[in-house]
Amino acid sequence: MACLGLYCGKTLLFKNGSTEIYGECGVCPRGQRTNAQKYCQPCTESPELYDWLYLGFMAMLPLVLHWFFIEWYSGKKSSSALFQHITALFECTVAALVTLLVSEPVGVLHIRSCRVLMLSDWYTMLYNPSPDYVTTVHCTHEAVYPLYTIVFIYYAFCLVLMMLLRPLLVKKIACGLGKSDRFKSIYAALYFFPILTVLQAVGGGLLYYAFPYIILVLSLVTLAVYMSASEIENCYDLLVRKKRLIVLFSHWLLHAYGIISISRVDKLEQDLPLLALVPTPALFYLFTAKFTEPSRILSEGANGH
């Protein structure tokens with residue numbers, strides 16, 4: 001009997017030489033997905049570059065949010081911000097390494113995966129067939145193994161490490177902040193981790209295809225907002241503070257990440273020259289800032305005009 005639905009398959013029950021016996025049509029075990037013949041096959045491929053870039057994007061989200069809220073709540077004169085930034089980077093790095101080590105194959109910094117073929121691979125629960133329009137054959141499984149669940153594992157480790165390390169660090173070094181302020185960056189993480197989890201659960205497939213464009217758009221917008229809020233109108237304003245250069249180079253890295261993700265570096269000699277476009281938004285802003293005068297706009301906004 002032929003399997004119905006896109007993701008229902010027959011599981012291998014017994015194999016002896018060239019003899020293979022398969023079970024009835026149903027859900028494939030974890031770590032397997034159906035092939036064109038509707039047989040469940042183990043995921044044995046290595047992730048493509050684009051898959052790693054997607055996982056890197058999902059790994060960067062909590063780190064960037066950590067850094068944002070640390071900077072937001074630390075205050076301009078607080079010396080604890082740098083240590084908290086380093087701690088957040090350490091937490092996310094260790095969480096990523098542990099996540100890779102506990103994933104199949106266990107104990108190595110490598111994962112095996114199934115190839116993503118189309119958007120519906122992320123939402124197999126929507127494609128359970130109903131042969132008689134009454135009984136539903138449940139064939140929901142992770143067809144994009146492990147790209148869907150590995151993100152949840154990573155977020156869980158990030159949260160655990162943050163709760164183990166950050167409160168002790170903040171209590172020791174955040175002396176310049178009030179008792180009610182020093183833990184606010186941690187409280188913020190307790191809000192954004194559930195939001196990121198829901199985002200991955202509901203929109204993981206959409207993010208997989210859209211994340212390069214999200215990176216480019218957000219990095220361009222945030223760079224423009226930062227430079228205007230900091231009243232940077234020329235190269236001298238940009239060079240007077242090291243922090244501004246760090247923010248600029250960080251955005252350039254995000255620009256390059258987005259460009260590489262879009263091009264996928266399929267043709268190296270054609271795609272690498274695109275990285276020359278990375279400084280273009282900042283240069284365009286500096287060349288046109290004298291026409292818009294962001295400092296005048298900010299002062300008028302502060303005066304209520």
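Biologist: At roughly what angle do the axes of α1 and α4 cross?

Modeller: This is a predicted model, and what follows is read from its coordinates. Two packed helices are described by the angle between their axes and the distance between the axes. For α1 and α4 the axes come within 9 Å, and the angle at which they cross is roughly 150°.

Biologist: Why is α1 described as roughly antiparallel to α4, and what is the hand of their crossing?

Modeller: Angles over 145 degrees count as roughly antiparallel. Since the axes of α1 and α4 cross at roughly 150°, α1 is therefore roughly antiparallel to α4. As for the hand, the crossing of α1 and α4 is right-handed.

Biologist: How do the residues of the contact of α1 with α4 divide by class?

Modeller: The contact between α1 and α4, whose crossing is right-handed, can be sorted by the class of its residues. The residues of this contact of α1 with α4 divide into 24 nonpolar, 4 polar and 2 charged.

Biologist: And in the packing of α4 with α6, which hand does the crossing have?

Modeller: The axes of α4 and α6 are 8 Å apart, and the two helices pack at an angle of about 160°. Because of that angle, α4 is roughly antiparallel to α6. Where α4 passes α6, the crossing is left-handed.

Biologist: Which helix supplies the largest share of the lining of the largest pocket?

Modeller: Rolling a probe the size of a water molecule over the atoms shows where empty space is left. In this model the largest pocket has a volume of about 2200 Å³, and of the 45 residues lining it, the closest to its centre are V64, W67, F68, V247 and H251. At least two lining residues come from each of α1 (49-74), α2 (81-102), α4 (184-229) and α6 (242-263). The largest share, 12 residues, is supplied by α1.

Biologist: From which domains does that lining draw at least three residues each, and how many of its residues are nonpolar?

Modeller: Domain 1 (8-230) and domain 2 (231-293) each give at least three residues to the lining of the largest pocket. Sorted by class, this lining has 10 polar and 6 charged residues, and its nonpolar residues number 29.

Biologist: Which strands each supply at least two residues of the lining of the second largest pocket?

Modeller: The second largest pocket has a volume of about 310 Å³. Its lining has 17 residues, with R33, T34, N35, R115 and L117 lying nearest its centre, and by class the lining has 8 nonpolar, 5 polar and 4 charged residues. The strands that each supply at least two of the lining residues are β3 (32-34) and β4 (40-42).

Biologist: What is the phi of K38, and where does that residue lie?

Modeller: Although K38 is not a glycine, its phi is positive, at about 70°. The residue's place in the chain is the loop between β3 and β4.

Definitions and conventions: Residues are numbered from 1 along each chain as its sequence is written. This is a predicted model: local features need pLDDT of at least 70, side-chain atom pairs count only at pLDDT 80 or more; totals for chains, interfaces and linings use all residues. Side-chain values use heavy atoms; hydrogens and water are left out. On a 1 Å grid over the protein atoms alone, a cavity is a set of points where a 1.4 Å probe fits but cannot get out, and a pocket is an open set with protein on both sides within 12 Å along at least five of seven lines; lining residues have an atom within 4 Å of a point. Grid points are joined across faces, edges and corners, and a volume is the space filled by probe spheres set on the points. Helices (H or I, at least four residues) and strands (E, at least two) are DSSP runs, numbered from the N terminus. Ala, Val, Leu, Ile, Met, Phe, Trp, Tyr, Cys and Pro count as nonpolar, Asp, Glu, Lys and Arg as charged, and the others, Gly among them, as polar. Domain bounds come from an automatic or database domain assignment. Axes are lines fitted to C-alpha atoms, for helices over the stretch in contact, and angles run from 0 to 180 degrees between N-to-C directions. Angles under 35 degrees count as roughly parallel, over 145 as roughly antiparallel, 65 to 115 as roughly perpendicular and the rest as oblique. A crossing is left-handed if the near helix is turned anticlockwise from the far one by less than a right angle, and right-handed if clockwise.
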